[in-house]
Amino acid sequence: MPESYVPRIIYLLQNSGFSFLQGALYTLVLALISTFIGCVIGFLIGILQTIPIRKKDPAVKRGLLRVMRAVLTAYVEIFRGTPMIVQAMFIYYGLAILLSKPLDVWPAAILIVSINTGAYMAETVRGGIISIPDGQVEGAKSIGMSHWQTMRFIILPQALRNILPQIGNNLIINIKDTSVLFVIGVTELFSRGKSVAGAYYVYFETFTIIMVMYFIMTFTCSRLLRVWEKKIGGPQSYELATKDQLTLTSGMYTNPKMVEDN
């Protein structure tokens with residue numbers, strides 16, 4: 001083992017570089033899958049929480065909606081108010097007791113990160129839906145669209161654009177927070193780094209490598225999401241409609257040739 005800082009880093013990369021890369025790959029895959037599932041959970045909860053409760057609705061429907069909202073609110077508050085490392089221990093070992101058998105580590109890890117992300121995304125989606133002007137909802141109802149149709153075709157496309165930065169933020173958080181899953185045996189980047197540091201008794205250099213790899217992953221995802229955000233946002237400048245175009249779209253267009261023929 002070399003004596004100085006940089007040669008030690010080179011030595012570790014030469015001898016354990018594959019282990020670092022494999023851990024980074026596991027971290028990235030786990031974060032991407034869990035963020036996607038968490039976003040789906042968040043969108044479903046956000047839609048359900050915004051279903052209006054009207055006085056003219058049947059009492060059974062109003063009761064079910066209130067119970068559903070209470071359950072979803074409890075889920076969101078519990079998973080937003082407790083650390084992921086505690087959730088990992090509780091869910092992993094709790095499910096093992098309930099099922100009377102040990103769980104596979106990776107499905108359990110995906111479940112833990114997904115439901116944690118879903119709790120945060122639920123509030124984000126709810127805020128994105130509420131931010132859309134009420135006039136658009138009223139306009140959709142006036143043409144006979146149901147709540148689900150209004151959400152699908154009018155509200156959610158606009159809400160997605162508004163909350164896209166938060167989706168990217170959750171992905172970056174998940175890339176970093178998967179490091180806590182070493183407590184249930186997930187061999188992601190942090191866990192691989194601990195093993196390498198323990199094998200060589202070189203901690204500062206090992207965690208320098210890990211820190212740089214985490215930064216590369218988060219920075220790359222941040223840039224890619226920024227590009228996607230700009231693409232969804234459309235061009236910065238728009239061409240103004242001309243008088244002829246406005247006349248055509250309003251249904252008042254008259255073909256000059258037809259007028260001359262008449």
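Colleague: Before we begin, on what basis are the residues numbered and the values computed?

Modeller: This is a predicted model, in which local features need pLDDT of at least 70 and side-chain atom pairs count only at pLDDT 80 or more, while totals for chains, interfaces and linings use all residues. Side-chain values use heavy atoms, with hydrogens and water left out, and residues are numbered from 1 along each chain as its sequence is written.

Colleague: How many helices and how many strands are in the chain?

Modeller: Helices (H or I, at least four residues) and strands (E, at least two) are DSSP runs, numbered from the N terminus. Read from that end, the elements run α-α-α-α-α-α-α-α-α-α. The count is therefore 10 helices and zero strands.

Colleague: What percentage of the residues in the chain is buried?

Modeller: A residue is buried under 20% relative accessible area, exposed over 50% and partly exposed in between, with a 1.4 Å probe and protein chains only. The chain has 262 residues, and the buried share of them is 36%.

Colleague: What share of the contacts with a separation of 6 or more joins residues 24 or more positions apart?

Modeller: A contact means heavy atoms within 4.5 Å. Among the contacts in the chain with a separation of 6 or more, residues 24 or more positions apart account for 76%.

Colleague: Which residues does Leu181 contact, leaving aside neighbours within four places in sequence?

Modeller: Leu181 is one of the core members that touch the most others. Beyond its sequence neighbours, the contacts of Leu181 are Leu30, Ala88, Ala109, Ile112, Val113 and Val186.

Colleague: How many residues does the second, separate core have?

Modeller: Leu12, Phe20, Ala31 and Leu189 are included in this second core. The number of residues in it is 17.

Colleague: Which residues does Leu189 touch, not counting those up to four places away in sequence?

Modeller: Leu189 lies in helix α7 and is buried, because its relative accessible area is 0%. Its C-alpha atom is separated by 8.0 Å from that of Leu25, 164 residues apart along the chain. The residues touched by Leu189 are Phe20, Gly23, Ala24, Thr27, Ile210, Met213, Tyr214 and Met217.

Colleague: At what distance does the side chain of Thr27 reach the backbone nitrogen of Leu189?

Modeller: Thr27 is placed in helix α1 and counts as buried, because its relative accessibility is 0%. Apart from residues up to four places away in sequence, Thr27 touches Ile175, Thr178, Glu188, Leu189, Tyr214 and Met217. The side chain of Thr27 reaches the backbone nitrogen of Leu189 at 3.1 Å.

Colleague: What length does helix α7 reach from its first C-alpha to its last?

Modeller: Helix α7 covers residues 189–200, which is 12 residues.

Colleague: Which residue takes a positive phi just after α7?

Modeller: The buried residues of α7 are Leu189, Ser191, Arg192, Gly193, Val196 and Ala197. Just after this helix, a positive phi of about 60° is taken by Tyr201.

Colleague: Which residue forms a salt bridge with Arg8?

Modeller: A salt bridge is a side-chain nitrogen of Lys or Arg within 4 Å of a carboxyl oxygen of Asp or Glu, and the structure holds two. Arg8 lies in helix α1 and its partner in helix α8 (residues 204–233), 197 residues apart. The closest N and O atoms are 3.9 Å apart, and the partner of Arg8 is Glu205.

Note on methods: Core = buried A, V, L, I, M, F, W, Y, C linked by side-chain atoms within 4.5 Å. Expected span 1.5 Å × (residues − 1). Polar contact = N/O pair within 3.5 Å; in protein donor to acceptor, adjacent residues only side chain to side chain.
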